[in-house]
Amino acid sequence: MFKEIVVVLLVALGGLIYEAIRPPPPRLCGSPNGPPVTATRVRLRDGRHLAYNESGVPKEKAKYKIVVLHGMGGSREFIIPASRGQHFAPIINYWWPSLAAHVSGEAYRTLLPQDQWTLRIALYAPHLVFWWATQKWFPSFGPMERHPATSSQKDWEIIQMSVTQKMAEQEKATQQGVFESIHRDLIVAFSKWDFDPMDLNNPFPHKQSVHKWQGYEDKFFPAILQRYVSKKLSWIQYHELADYGHLLIHVDGTSDEILRALLGEESSASLADIPD
């Protein structure tokens, strides 16, 4: 009798654990219970869809083409100048093989302990990301919880001023489900990659280049990582901006200055690169 009770309890416990770690099914756009398809989209080779929105002059007549990509809960309709191979504080996986251990380790130790755990789980146990991000026993992912330590002073001021707009963007960005829209981004960004970005060649070898813009005060993607990658990939033009954080693109005037620099025009002294 005792063995039967133990078996029943173990089965019940297993069921509870399974329910806790299993994310709900996504509400995919165009599915019976999902949001409607409201944008032009292309079908990828793996069956997923990539939606996009066009604005400005027709692309056939445009002299410059600007492509905006933003993940981690950002609205895909959020317009910023990110053209011709331009990146703003791009994600860097702390476990890329070519990252020097002392560099990635130094940057990793600047993160909140809860964020260190989040990235470990995304790498070693990605099937637990949904549970970790939704459980209430321990602090979870700092940026999702708006933890002040994950934002610079200027970032925090921007967040406070635009909280209503951010809430509307967040609702739109997560309408297919939080796991589908945010947690999967975490898994893709910080789990094991099947290639090393440090082995990439210049995608614009003839007349264009890749620019990377980084705020010196960025608390989640430390500048030390971006410097290291940019020095290894000499075809990247690296711009590090003093007194700016992760949300540097939201500072008034920054978008115009970055676009001028990208198109070969003179940029203001406020955006000068920080020397080594």
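Guide: What follows covers the pairing, then a pocket and a cavity. The model is predicted, so local features need pLDDT of at least 70 and side-chain atom pairs count only at pLDDT 80 or more, while totals for chains, interfaces and linings use all residues. Residues are numbered from 1 along each chain as its sequence is written, and side-chain values use heavy atoms, with hydrogens and water left out.

Helix 2 (residues 101-108) packs with helix 8 (residues 223-232) at an angle of about 155°, the axes lying 9 Å apart. Helices here are DSSP runs of H or I with at least four residues, numbered from the N terminus. Axes are lines fitted to C-alpha atoms over the stretch in contact, and angles run from 0 to 180 degrees between N-to-C directions. Helix 2 and helix 8 are therefore roughly antiparallel, a term for angles over 145 degrees. In the contact (heavy atoms within 4.5 Å), helix 2 supplies Val 103, Ser 104, Glu 106 and Ala 107, and helix 8 supplies Ile 224, Leu 225 and Tyr 228. By class, these contact residues are five nonpolar, one polar and one charged. Nonpolar covers Ala, Val, Leu, Ile, Met, Phe, Trp, Tyr, Cys and Pro; charged covers Asp, Glu, Lys and Arg; the others, Gly among them, are polar.

Helix 8 also gives the most to the lining of the second largest pocket, with three residues. On a 1 Å grid over the protein atoms alone, a pocket is an open set of points with protein on both sides within 12 Å along at least five of seven lines, a cavity is a set where a 1.4 Å probe fits but cannot get out, and lining residues have an atom within 4 Å of a point. The second largest pocket has 15 lining residues, and nearest its centre are Thr 110, Asp 218, Lys 219, Pro 222 and Ala 223. Its lining divides into eight nonpolar, two polar and five charged residues.

The largest cavity is lined by Thr 118, Ile 121, Val 129, Trp 132, Ala 133, Ser 140, Phe 141 and Leu 186. Helix 4 contributes the largest share of that lining, three residues.

How values were computed: Helix = DSSP H or I, 4+ residues; strand = E, 2+ residues; numbered from the N terminus. Parallel < 35°, antiparallel > 145°, perpendicular 65-115°, else oblique.
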